[in-house]
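Subject: The structure, and what turned up in it

Hello,

Here is the structure I promised to pass on. Please open it alongside this message, so that you can follow each part as you read.

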Amino acid sequence: MKHILLFGPPGAGKGTQAQLLVDKYKFIHLSTGDMLRDEIKRSTEIGLKAKKIIDSGQLVPDEVVAEMVRLRIKNMKDNTGIIFDGFPRTVAQACKLDEIMNDEKQEIAMMIAIDVHDEEIIKRILERGKISQRSDDRDINTIKNRIDTYNQQTAILADYYKQQKKFKSVDGIGSIEDIFQKICKLIEEA
Ligand code: AMP
């Protein structure tokens with residue numbers, strides 16, 4: 001089983017690539033953003049609290065997200081591997097994920113970062129905002145806050161996985177198919 005972390009700023013294409021990987025390798029897609037949006041849709045207690053935070057471009061508290069992930073993994077039957085998309089986003093979440101994986105006698109195979117510069121990201125998120133139902137994709141201030149949050153709290157995770165010798169990256173500029181091929185190559189080489 002290969003469990004893979006897709007990494008990169010908002011708008012890098014993690015969700016798109018995750019879906020292609022699910023189709024090709026039958027991985028399970030675990031997106032904390034999707035899980036939180038589902039909580040919002042169902043107006044759960046977590047959803048009501050998360051909505052404000054998401055619309056401000058900040059991060060939902062580590063313990064809330066980590067617990068959602070823990071339960072999701074615990075309830076998974078046999079799987080061919082998990083593609084983590086948007087988790088972990090802080091060092092605390094990465095430590096928690098190590099704990100969860102340890103308890104499940106599993107291991108993260110690698111982190112694959114999709115490199116895209118800030119200007120391109122803003123352009124892509126605004127484009128996505130025209131068709132997605134996501135309010136956080138439409139407001140330029142929210143988008144800028146999400147990028148700041150990424151730079152301040154999430155980017156550092158590259159070092160965390162470099163230390164574990166699990167860090168890989170691909171250039172995220174190019175066609176979806178080209179980027180996908182590069183990611184597949186990394187997965188198959190591992
Ligand atoms: P995403 O769909 O991954 O871009 O996530 C959308 C929003 O959900 C983020 O801007 C955060 O507010 C929240 N979120 C998603 N994943 C996490 C996470 N791992 N930790 C904290 N907040 C998260």
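This is a predicted model: local features need pLDDT of at least 70, side-chain atom pairs count only at pLDDT 80 or more; totals for chains, interfaces and linings use all residues.

In the first, a ligand nitrogen lies 2.8 Å from an N or O atom in the side chain of threonine 32. Arginine 134 comes in with its side chain, where an N or O atom is 3.3 Å from an oxygen atom of the ligand. As for cover, the ligand taken alone exposes 480 Å², and the protein buries 96% of that.

**Helix H3**

Next, have a look at helix H3, residues 45–56. Which of its residues are buried? They are Gly47, Ala50 and Ile54. Viewed down the helix axis, these buried residues fall within an arc of 65°, so they line one face of H3. That face packs against helix H2 (32–41) and helix H7 (140–154). On the other side of H3 you will find Glu45, Leu48, Lys49 and Lys52, which are exposed.

Isoleucine 46 also belongs to H3. It counts as partly exposed because its relative accessibility is 31%, which falls between the 20% limit for buried and the 50% limit for exposed. Leaving aside neighbours within four places in sequence, isoleucine 46 is in contact with Leu36, Glu39, Val64 and Met68. Its C-alpha is 9.6 Å from that of valine 65, a residue 19 places away in sequence. Just after the helix, glycine 57 takes a positive phi of about 85°.

In soluble globular proteins, nonpolar side chains tend to be buried together. Here the largest nonpolar core has 28 residues, and those with the most contacts inside it are Leu30, Ile73, Phe84 and Leu97. Several elements give two or more residues to this core, among them strand S1 (3–7), helix H4 (62–74), strand S3 (82–85) and helix H5 (91–103). H2 and H3 are also among these contributors.

Not counting residues up to four places away in sequence, isoleucine 73 touches Leu30, Ile82, Phe84, Leu97, Ile100, Met101 and Glu104. There is also a second, separate core of 24 residues, which includes Leu21, Val22, Ile179 and Cys184.

Isoleucine 112 is in strand S4 and counts as buried, at 0% relative accessibility. Its contacts, leaving aside neighbours within four places in sequence, are Ile4, Leu5, Leu6, Phe7, Lys168, Val170, Ile183, Leu186 and Ile187. By contrast, isoleucine 125 is 13 residues away along the chain, with 20 Å between the two C-alpha atoms.

Is lysine 166 buried or exposed? With a relative accessible area of 13%, lysine 166 is buried. You will find this lysine in the loop between H8 and strand S5 (167–171). Its side chain makes a polar contact of 3.3 Å with the side chain of glutamate 107, and also reaches the backbone oxygen of isoleucine 108 at 3.1 Å. Beyond its neighbours within four places in sequence, lysine 166 is in contact with residues including Ala109, Met110, Met111 and Tyr161.

**The backbone**

Last, some backbone details. Most residues other than glycine have a negative phi, and most peptide bonds are trans. Where does this model depart from that? Serine 43 is not a glycine, yet has a positive phi of about 50°. It sits in the loop between H2 and H3 and is partly exposed, with a relative accessible area of 48%. Lysine 105, also not a glycine, has a positive phi of about 55°. This lysine is in the loop between H5 and S4 and counts as exposed, at 73% relative accessibility. Finally, the peptide bond from phenylalanine 87 to proline 88 is cis, with omega near 0°, and proline 88 lies in the loop between S3 and H5.

Happy to go through any of this with you on screen.

Best wishes

Definitions and conventions. Residues are numbered from 1 along each chain as its sequence is written. Side-chain values use heavy atoms; hydrogens and water are left out. Buried means under 20% relative accessible area, exposed over 50%, partly exposed in between (1.4 Å probe, protein chains only). Helices (H or I, at least four residues) and strands (E, at least two) are DSSP runs, numbered from the N terminus. The arc is that of the directions from the helix axis to the C-beta atoms. Contact means heavy atoms within 4.5 Å. A polar contact is a pair of N or O atoms within 3.5 Å; within protein, one must be able to donate a hydrogen and the other to accept it, and residues adjacent in sequence count only if both atoms are side-chain atoms. Accessible areas come from the Shrake-Rupley method with a 1.4 Å probe; for residues, only the protein chains shown count as cover. A nonpolar core is a set of buried Ala, Val, Leu, Ile, Met, Phe, Trp, Tyr and Cys residues joined through side-chain atoms within 4.5 Å.
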